[in-house]
Amino acid sequence: MVLFDRIPMPVAVCDPYGDVRLVNAAFALEWGTTAGRLKGRSILDLFVPVDAAQVDRITQAQKTGRRSRYTVAVAWRGGDGVRRRGELIVDTVSERANRVPDLLVTVRVFDASPVPDPMPSTAAPTHPQEARILALLAAGATTARAAREAGLTTDGVTYHLRQLSRRWGASNRTELVARAYAEGVLVAGVWPPRVASPPPEAGA
């Protein structure tokens, strides 16, 4: 733990779903708070991905058990209120080969000056895979069926649903589906449920 806290770059250890388990002192300092207050937060609540497809690659790596390093371009507002740009360097790691890997996340800051453009909106899904899952749920699909139809594992579907729930503040799947129609992600008045073409992009 002493060595972990002495790493000069912000570093976090997250569970397979991206929830923070542990951060070092530099990470807590970036957010102007203590390590304990960040525990349990989703890493995607703290950092907004510029390209959601980069996050999907990590999900696929976890599904197939690959151990590798990935980068995700992100923007965020630090504890001092200044908007920043940078990237997350994500390593998938685990103690056992058959275990879904945890995530070791290192933050690299590219631009620590104020960013004039607004932060990307998180009101709507940022990737077609999320919209596809919402359409399947609206049609009454179970998690297992949605996973088969979307080409994901059940953990992968659960991951996307958890991120959508956090993004929209939804407490259950019924609210998620209702919000999908309200946001124009799904086409109203048609059956079976159909994804709007193209689904709204973040920041659009």
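Is glutamine 54 buried or exposed? In this predicted model, glutamine 54 has a relative accessibility of 15%, and because residues under 20% count as buried, glutamine 54 is classed as buried. Glutamine 54 is part of helix H5, which spans residues 52-64. Leaving aside residues up to four places away in sequence, glutamine 54 touches Thr71, Val72 and Ala73. With one of these, threonine 71, the separation along the chain is 17 residues, while the C-alpha atoms are 7.3 Å apart.

The chain as a whole provides the setting for this residue. Its secondary structure consists of nine helices and six strands. Of the 204 residues in the chain, 43% are buried. Among contacts with a separation of 6 or more, 51% are between residues 24 or more positions apart.

The aromatic residues may be considered next. A pair of aromatic rings is described by the distance of the centres and the angle of the planes. Across the whole structure, a search finds three aromatic pairs. In one of them, the ring centres of phenylalanine 27 and phenylalanine 47 are 6.0 Å apart and the ring planes stand at 70°, so this pair is edge-to-face. Phenylalanine 27 belongs to helix H2 (residues 25-30), whereas phenylalanine 47 is in the loop between helix H4 (43-46) and strand E3 (48-49); the pair therefore ties together parts that are 20 residues apart in sequence. Phenylalanine 27 has a relative accessible area of 0% and is buried. Phenylalanine 47 likewise counts as buried, at 0% relative accessibility.

Phenylalanine 47 also forms an aromatic pair with tryptophan 31, again edge-to-face, with 5.6 Å from centre to centre and 80° between the planes. This pair links distant parts of the chain, since tryptophan 31 lies in the loop between H2 and helix H3 (35-38) and phenylalanine 47 in the loop between H4 and E3, 16 residues apart. Tryptophan 31 has a relative accessibility of 16% and so counts as buried. Together with Trp76, the residues Phe27, Trp31 and Phe47 form one aromatic cluster.

Apart from residues up to four places away in sequence, isoleucine 133 touches Ala150, Leu152, Val157, His160 and Leu161. Isoleucine 133 and valine 177 are 44 residues apart in sequence, and their C-alpha atoms are 9.9 Å apart in space.

Isoleucine 133 also takes part in the contact between H6 and H8. The axes of these two helices come within 10 Å and cross at roughly 95°. Because crossing angles of 65 to 115 degrees count as roughly perpendicular, H6 and H8 are described as roughly perpendicular to each other. On the H6 side, the contact is made by Gln129, Glu130, Ile133, Leu134 and Leu137, and on the H8 side by Val157, His160, Leu161, Leu164, Arg167 and Trp168. These residues divide into seven nonpolar, two polar and two charged.

Helix H8 has a further contact with helix H7 (residues 143-150), where the axes come within 8 Å and cross at roughly 100°. This angle makes H7 roughly perpendicular to H8. Thr143, Ala144, Ala146 and Ala147 of H7 make the contact with Thr154, Val157 and Thr158 of H8. By class, the contact of H7 with H8 comprises four nonpolar, three polar and no charged residues.

The remaining helix contact to be described joins H8 (residues 154-168) to helix H9 (residues 173-182), whose axes come within 10 Å and cross at roughly 70°. H8 and H9 are therefore roughly perpendicular to each other, and their crossing is left-handed. Here Leu161, Leu164, Ser165 and Trp168 of H8 meet Arg173, Leu176, Arg179 and Ala180 of H9. The contact of H8 with H9 has five nonpolar, one polar and two charged residues. Leu161, Leu164 and Trp168 are named on the H8 side of this contact and also on the H8 side of the contact with H6.

Technical notes: Residues are numbered from 1 along each chain as its sequence is written. This is a predicted model: local features need pLDDT of at least 70, side-chain atom pairs count only at pLDDT 80 or more; totals for chains, interfaces and linings use all residues. Side-chain values use heavy atoms; hydrogens and water are left out. Axes are lines fitted to C-alpha atoms, for helices over the stretch in contact, and angles run from 0 to 180 degrees between N-to-C directions. Helices (H or I, at least four residues) and strands (E, at least two) are DSSP runs, numbered from the N terminus. Angles under 35 degrees count as roughly parallel, over 145 as roughly antiparallel, 65 to 115 as roughly perpendicular and the rest as oblique. A crossing is left-handed if the near helix is turned anticlockwise from the far one by less than a right angle, and right-handed if clockwise. Contact means heavy atoms within 4.5 Å. Ala, Val, Leu, Ile, Met, Phe, Trp, Tyr, Cys and Pro count as nonpolar, Asp, Glu, Lys and Arg as charged, and the others, Gly among them, as polar. Rings of Phe, Tyr and Trp (its six-membered ring) pair if their centres lie within 6.5 Å; planes under 30 degrees apart count as stacked, over 60 as edge-to-face and the rest as tilted. Buried means under 20% relative accessible area, exposed over 50%, partly exposed in between (1.4 Å probe, protein chains only).
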